[in-house]
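These are my notebook entries on a single structure. I set out to look up its helices, its nonpolar cores and its surface.

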Amino acid sequence: MDLLEGIRTRRSIRRFQARPVPRGLIRTMIEAAMFAPSARNAQPWQFVVIDDRQVLASYGKKHPNAEMAKDAPLGILVCGDLRLELSPGYWPVDCAAAVQNLLLAAHAVGLGAVWTGVYPREDRMRTLREMCGLPPEVQPHSLVVIGYPAESPPMPDRFRADRVHHLRFGQLYSWEA
């Protein structure tokens with residue numbers, strides 16, 4: 001699949017098959033995440049691979065938006081390492097770019113994934129800090145829940161011309177030449 005097709009066809013998957021995800025695919029996804037752009041190329045991320053179903057189920061029980069984790073074979077916690085940050089305050093943006101690459105890579109290799117928000121919700125951050133033994137300088141950003149899809153959500157049309165402005169907000173961009 002080409003890149004644009006992958007971007008358009010990627011969906012958030014919340015139901016997974018019981019099959020484990022091979023380590024080679026885990027590396028492929030994390031490598032893609034590490035190719036994300038970052039402020040001043042600091043790459044202030046750390047990744048925690050969670051392949052224990054009990055750990056995933058425990059997190060899913062504590063946070064309703066991650067309920068699907070209980071049935072997933074894999075979670076990848078994307079974290080911002082403040083010790084690596086060169087432009088203070090940009091680690092959440094850098095981690096978000098890494099998450100997007102991770103999601104696209106999962107789709108490209110035939111897996112399904114869903115981005116569950118952690119940062120800036122302190123209760124979610126605290127839970128994952130404790131579960132994963134994160135040092136204080138490492139901030140949990142997002143838990144990406146991954147597995148072989150057990151559903152195929154439809155592909156909606158998401159383009160909204162009314163959200164594209166020209167030169168100034170409120171002046172819609174004209175698509176006619």
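In which helix does Leu4 lie? I found Leu4 in helix α1, which covers residues 3-9. I note at the outset that the model is predicted.

Entry on the surface. I looked up the accessibility of Leu4: it counts as exposed because its relative accessibility is 52%, and exposed means over 50%. I then found that Leu3, Leu4 and Ile7 make a nonpolar surface patch of about 310 Å².

Entry on the cores. I recalled that nonpolar side chains tend to be buried together in soluble globular proteins. I looked up the largest nonpolar core here and found that it has 25 residues. Met29, Phe47, Ile76 and Ile146 have the most contacts inside this core. At least two of its residues come from each of α2 (23-34), β1 (45-50), β2, α4 (91-108) and β4. The largest share, 9 residues, is supplied by α4.

I next asked which residues Met29 touches, not counting those up to four places away in sequence. They are Val21, Leu74, Ile76, Leu102, Ala105, Ala106, Leu111 and Ile146.

I also recorded a second, separate core of 19 residues, with Ile50, Leu56, Ala66 and Val114 among them.

Entry on helix α5. Which residues of α5 are buried? In this helix, residues 122-132, I found Arg124, Met125, Thr127, Leu128 and Arg129 to be buried. The buried residues of α5 pack against α3 (53-62), β2 (74-81), β3 (112-117) and β4 (138-147). Just after α5, I noted that Gly133 takes a positive phi of about 60°.

Notes. Residues are numbered from 1 along each chain as its sequence is written. This is a predicted model: local features need pLDDT of at least 70, side-chain atom pairs count only at pLDDT 80 or more; totals for chains, interfaces and linings use all residues. Side-chain values use heavy atoms; hydrogens and water are left out. Buried means under 20% relative accessible area, exposed over 50%, partly exposed in between (1.4 Å probe, protein chains only). Helices (H or I, at least four residues) and strands (E, at least two) are DSSP runs, numbered from the N terminus. Contact means heavy atoms within 4.5 Å. A nonpolar core is a set of buried Ala, Val, Leu, Ile, Met, Phe, Trp, Tyr and Cys residues joined through side-chain atoms within 4.5 Å. Patches are made of residues with over 30% relative accessible area and no salt bridge: like charges are joined within 9 Å, nonpolar side chains (Val, Leu, Ile, Met, Phe, Trp, Tyr) within 5 Å. Accessible areas come from the Shrake-Rupley method with a 1.4 Å probe; for residues, only the protein chains shown count as cover. A salt bridge is a side-chain nitrogen of Lys or Arg within 4 Å of a carboxyl oxygen of Asp or Glu.
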